[in-house]
Structures are given as C-alpha cells and as structure tokens.
Amino acid sequence: MRILVVEDEKSLNRLISQALINEHYSVDPCLRGDDAEDYLRGAEYDAILLDIMLPGKSGLDVLRTLRAKKDKTPVILLTAKDSISDRVAGLDAGADDYLVKPFATDELLARIRVMIRRSSGNVSNLFSVGDLTVDCDARTAKRGDKIIQLASKEFDILEYLIRNSGKVLSRERISRHIWNYDYEGGSNVVDVYIRYLRRKIDDGFESKLIHTVRGAGYVLKVAE
Ligand code: CA
C-alpha cells in the first residue's frame, strides 16, 4: 500500500509519515501542492492525505484536477478547525473523508483502513484465492490451515497481488506500488521477492497460485 502525504507543515508531515511507515505503508511525503501533482503523475497510490492550504497549489485544486481526470484514488483532506467552508468544498470536489487538525494518529490510521477497504469494493480486508487467505488488517496469510510466515515486503507484494487477483501486474507496476521514491533497487528485486513468495505460498502445494506471464509480469490466480 502506497500513500502520498501532502502537508506543508514539516513536523506534522514527518509525524504522519512515520506513523504510516510503522504500519508498513510505503510513503511519499510531499510539502507542496504543485509537487503533489508530479508525484501523482509518476505513481499509483492507494490513498492520498491532502492538506488544503499548501504552497504552489491548493489541496482543493489538486483534488479537482485529480477527479477531473477520473482518478478515483481515495482522498482524506486534512483541514483546519475553523474552515467549515473548506470542508464542504472539499467533499463537493470529491474528497472521501476529512480530518480536522489536530487529530489522533490512531483515528487517521482507522480512517485510512476504512477508505482503502471501501475503495476495494470489499466488505472486509480479507481476501482469498483458492485456499489462500490473506488478512490485510492483521497482516497474516494462510494456505488451507497452514499459517505462512512472511517478511514485511513479502506481505506487501502478496497483498498487492491478491487485491488484484486475476490481473497481470508488471514488475514495474509492482515495484512502483511497493517502494517509495527514496528506494533505489533495480526492477529485478521484484523477481527476487516473487521467488521468496513462491517458496512460501506454492512450494509443496499441487495447485500453484503465483504465475509468471512471459513478457508481462505476474498474476495471482487459481490455475485453469
Ligand atoms: Ca498547510
């Protein structure tokens, strides 16, 4: 899960970003509205936290541009206490939710989970393909009754695959989704992690769930 945090108050931005990183989200912190648009052109996000008063371009304008492009990425606005009109304008412009500053980190995290769940069209954050089940809130995975121990990035990739099960995802798309802009690994790091995942998910099971589509990428599905 990758999240863009657009907030020009540096200390608040750092606080939010760190809280998200602790929850295993991959985070791009951004301090300006115009920069946010560059980030949004370059990556695919699961959620955007968007302050309204920003240098370069206002959060509302960033949001309007995004929605004008039919981009449905969930957006939570971060608003000041005394700006009811901003909140109304934000919701009208297509924000999914808002939080009034100062807010509790736990509440922010809960709202993000709800929003991501809603945007996935799932009633829970539980996904299954064949006998594989993945609980994205508890960050656990099972095949049948067997609990699968996964390292953090392995889980992130499995989560992305199962949220998009049946869809072929390119290496580039996977790496762009899992790692933020600070990361400088090659694209073959995805292959390395897929190898780890296969060992844990598919080895010893007759029906394989992770499939390579030559020249295209990987797909998680029950083999036909
Ligand atoms: Ca601000």
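Let me begin with a term: two residues are said to be in contact when they have heavy atoms within 4.5 Å of each other. The structure before you is a predicted model.

With that term in hand, consider Val100. This residue belongs to strand E5, which covers residues 97-100. Setting aside its neighbours within four places in sequence, Val100 is in contact with Thr79, Ala80, Lys81 and Arg87. Asp82 lies 18 residues from Val100 along the chain, and the C-alpha atoms of the two are separated by 9.0 Å. Is Val100 buried, exposed or partly exposed? Its relative accessibility is 27%, and therefore Val100 counts as partly exposed; the partly exposed class runs between the 20% limit for buried and the 50% limit for exposed.

I turn now to the overall division of the chain. The domain assignment gives domain 1, residues 2-120, and domain 2, residues 126-220. Taken over C-alpha atoms, the centres of domain 1 and domain 2 are separated by 27 Å. The contact between them takes 15 residues from domain 1 and 14 residues from domain 2.

Next, the largest pocket. Its volume is about 330 Å³. Which residues of its lining come closest to the centre? They are Asp46, Ser119, Ser120, Arg163 and Asn164, out of 15 lining residues. The largest share, three residues, comes from H5. By class, the lining comprises six nonpolar, four polar and five charged residues. With regard to the domains, at least three lining residues are drawn from each of domain 1 and domain 2.

My last topic is the largest nonpolar core. This core has 27 residues, and those with the most contacts inside it are Leu132, Ile157, Leu161, Ile174 and Leu220.

Let us take Ile174 as an example from the core. Leaving aside neighbours within four places in sequence, Ile174 is in contact with Ile157, Tyr160, Leu161, Leu169, Val190 and Tyr218. Among these partners, Ile157 and Leu161 are themselves listed with the most contacts inside the core.

Definitions and conventions. Residues numbered from 1 in each chain as written. Predicted model: local features only at pLDDT ≥ 70, side-chain atom pairs only at ≥ 80, totals over all residues. Heavy atoms only, no water. 1 Å grid on protein atoms, 1.4 Å probe; cavity = no way out; pocket = protein on both sides within 12 Å on 5 of 7 lines; lining within 4 Å. Points joined across faces, edges and corners; volume = space filled by probe spheres on them. Helix = DSSP H or I, 4+ residues; strand = E, 2+ residues; numbered from the N terminus. Nonpolar A, V, L, I, M, F, W, Y, C, P; charged D, E, K, R; others polar. Domains from an automatic or database assignment. Buried < 20%, exposed > 50% of the residue type's maximum accessible area, 1.4 Å probe, protein only. Core = buried A, V, L, I, M, F, W, Y, C linked by side-chain atoms within 4.5 Å.
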